[in-house]
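Here are some notes to read next to the coordinates.

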Amino acid sequence: MIDKIQRYRGNIVVEGIQLELVLTLHQLESEVTVVIDIPAQGAMGLNAVNCSCEEGELRFELREMGASFVGVVASNTLVGQLSIQGYKIEAVFEQIEIKLPGNPTLVSSEEELVNLAQKESGTYPYKVKDYFQRPSSSGFQLSPNGKYLSYREKDENNKRHVYVKEIETAKVTQIIEESTELIRGYGWINDDRLVYVMDQGGDENYHLYAVNVDGTNNIDLTPFDKVQAGILNVLREQKDYMIISMNLDNAQIFEPYKINIHTGEYEKLFTNNDPTNPVAGYDFDKDGTLRGYTKMYNGVQSQYFYKAEGDSDFQLFQTIDWSDTFSLMAFNYASSDRDEAYVLTNLDSDKQRIILYNFKTKTIVKEIYSNEDYDASIIGLSRNRNWEIDYLGYEGEKVVIEPISETFKKINNDLLNHFEGYEFSIAAKTEKEDRYLIIVQSDKLYGKYYTYDKATGAVTLLYDLMPQLKEEDMGVMRPISFTSRDGLTIHGYITLPAQSKVGQKAPLVVNPHGGPQGIRDSWGFNPEAQLFASRGYATLQVNFRISGGYGKSFFKAGFKQIGRKVMDDVEDGVKYVIEQGWVDESKIAIYGASHGGYATLMGLVKTPNLYCCGVDYVGVSNIFTFFESFPEYWKPYKDMVKEIWYDLDKEEERIIATEVSPVYQLDKITKPLFVVQGANDPRVKIGESDQIVSALREKGFAVPYMVKYDEGHGFAKEENSISFYECMLGFLSQYLK
């Protein structure tokens, strides 16, 4: 695949204006795609259509410019004719050398990876693609007025385009075409316009695009190079606008902008003039008025500034530790007091709870919801019924939703009658809240969409996302809890193969989660765990100290314990499932992504006799180089990261960081390792994987190394994911069978 990517640069003159064009030509087997950048106009990542390249003749069309091209691909040039706006322009493009990230000479060849995948033998009822192919249709959403149903549909080339169906007439229109770059997400802005998100090859510099319900006026709202944009607020009261964030003026700082969704015209709403103390969050009300913002202070504290009703400016409300919680969830629009809001806090408690708070008087109006064992985190409000509370909840072993309003109690009862034993949640609803889309899932069910009519209580199946996966064949995900060696209660999950019999011990894949801070594993359908279960492997997921949802003290217990007590918790989980008689202690592998990849490497370092092999997926290998390679927008938070990981400016912590950096502990790694990386990863850069592969190979280790040059922090393209998991099964089968 690497030698089938070519890039060309050339200049054309249109009506006296000279434009530089950069063409990137991708050829993968019979598929040809062309991506065009016009840097001077800020137009990046334009996807050509009707692309072909036969016998050296390249053809494509560029709808955005009303242009078409026919040319000949030579060894280092692309020569042809560009037809645009009635003009015929002779164009000559010179080939640009593509410098691939990292050290491409380290990467295993395609033949080596195919051979690795083929090491898995045996006949199984399900293939890798059964778990990791994208559903034929997915991403169902309702327009606010309920007139349209939108969804994504996959074509024969695995491209997932966006369609809109007019419900009354059943007319279907393709409104967004997915080409080389993936559509990372999409949604309705108002009844007539949708927004979608793309980046370049997983670099996370997201652009926001908007398109009409009929597919017209499809524009890049944020056509800026190396800028990351995100949506802050969709303004239901101002349907032609939304509020977004961008690091447009300073790569390290995100500021809010009000943007016209039809034209892309924007207005900055707030200037962060203190780059060393960046604003980490903005609180706008439903009318688009900035009411408060959270600002980092001295690296490890958080300041909240609020403008009360009637005040002319923002005032410092409070200063707290960054790891404490006091965050505005939603304003209480049911009240005439515009300074009332629902707040999530743990300032005077260990577990997060929801309170009704008055920001002007600085008093708690009412305690709303809490749980003694888990952080409260969920609130649902009815915009249509004067913002009354519909439900509250938390995530424990499973997600728990407690109905509050009489209306939602009826909805919940209707759904329970149909889906008892499953988790169900609202995927979308109309503004009138009369029709709902419901997603139903479990540990054995990938997901089914249903429509729900509130007036009649009728529930109708809309779509089964993965009909090829039968529930009776899937493994059971069982919540577990155990006591760590230093006395903490640790929660997690084990997924056991469906065919497991009482007394039968399964090989085990230990799967530490990413983050690590504030992230947790959850109950539900896990494609990785189910794939492993289909091969007879159990999967262990441990929500070790520093995981989110278990309270403040549990979270902070993991500070400066990454690679140490965090790994102890994982090992204690392994010990627990061995003691239950579920797993074969002689056949245990460890696999994870991001921090989980780091934990894989540390597992092989810290307890080399516990694991028989490991798979490191976009994992950190060297804490020092990891810190040095932070993306620009992470750098203002370095002091915070020092509290979580280690302060490399302190000698005693540098020593610890060296001890828990796997690349400096190579003599302790004695078990086989498979390394996987996305070349464009902005968080854990390719150098982290390169250096561990290079260092181990210098020791004589045969480390298979997969790199995808069109991916970032984890693989998003279907064909790449399937290739990865096929190789991982081949790798694991050598040591777990």
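Contact here means heavy atoms within 4.5 Å of each other. This is a predicted model, so to speak: local features need pLDDT of at least 70, side-chain atom pairs count only at pLDDT 80 or more, and totals for chains, interfaces and linings use all residues. Residues are numbered from 1 along each chain as its sequence is written, and side-chain values use heavy atoms, with hydrogens and water left out.

1. Start with Ala557, which by that contact rule touches Leu488 and Arg545, once residues up to four places away in sequence are set aside. Ala557 sits in the loop between helix 5 (552-556) and helix 6; helices (H or I, at least four residues) and strands (E, at least two) are DSSP runs, numbered from the N terminus. With a relative accessible area of 26%, Ala557 is partly exposed (buried is under 20%, exposed over 50%, partly exposed in between, using a 1.4 Å probe and protein chains only). Its C-alpha atom is separated by 9.7 Å from that of Phe544, 13 residues apart along the chain.

2. Next, the helix pair. Helix 6 (residues 565-579) packs against helix 7 (residues 595-606) at an angle of about 80°, and their axes are 11 Å apart. Axes are lines fitted to C-alpha atoms, for helices over the stretch in contact, and angles run from 0 to 180 degrees between N-to-C directions. That makes the two helices roughly perpendicular (65 to 115 degrees; under 35 is roughly parallel, over 145 roughly antiparallel, and the rest oblique).

3. Which residues of helix 6 and helix 7 meet? Val566, Met567, Asp568 and Glu571 come from helix 6, and His595, Ala599, Met602, Gly603 and Lys606 from helix 7. The residues of this contact divide into four nonpolar, two polar and three charged; Ala, Val, Leu, Ile, Met, Phe, Trp, Tyr, Cys and Pro count as nonpolar, Asp, Glu, Lys and Arg as charged, and the others, Gly among them, as polar.

4. Four strands form an open sheet in the order 18-19-20-21, with antiparallel pairing (two strands pair if DSSP finds at least two bridges between them). Strand 18 (229-234) and strand 21 (266-268) stand at the edges with a single partner strand each, so one side of each has no neighbour in the sheet. From one strand to the next, the twist averages 30°. Strand 19 (residues 241-246) and strand 20 (residues 255-260) pair over six bridges, and Tyr241 has Asn260 in strand 20 as its bridge partner.

5. Some backbone spots to check. Most residues other than glycine have a negative phi, and most peptide bonds are trans. Lys226, not a glycine, has a positive phi of about 55°; Lys226 lies in the loop between strand 17 (219-220) and strand 18 and is exposed at 65% relative accessibility. Asn386 also has a positive phi of about 55°, in the loop between strand 30 (376-382) and strand 31 (388-395), and is partly exposed at 49%. A cis peptide bond joins Gly515 and Pro516, with omega about 0°; Pro516 is in the loop between strand 39 (506-510) and helix 4 (527-534).

6. Last, the cysteines. How many disulfides are there? The count is zero, taking a disulfide as a pair of cysteine sulfur atoms within 2.5 Å. The sulfur of Cys612 has its closest cysteine sulfur in Cys613, 4.3 Å away, which is too far for a bond. Cys727 is in no disulfide either, with the nearest cysteine sulfur, that of Cys613, 14 Å away. Cys612 is buried at 15% relative accessible area, and Cys727 is buried at 3%.
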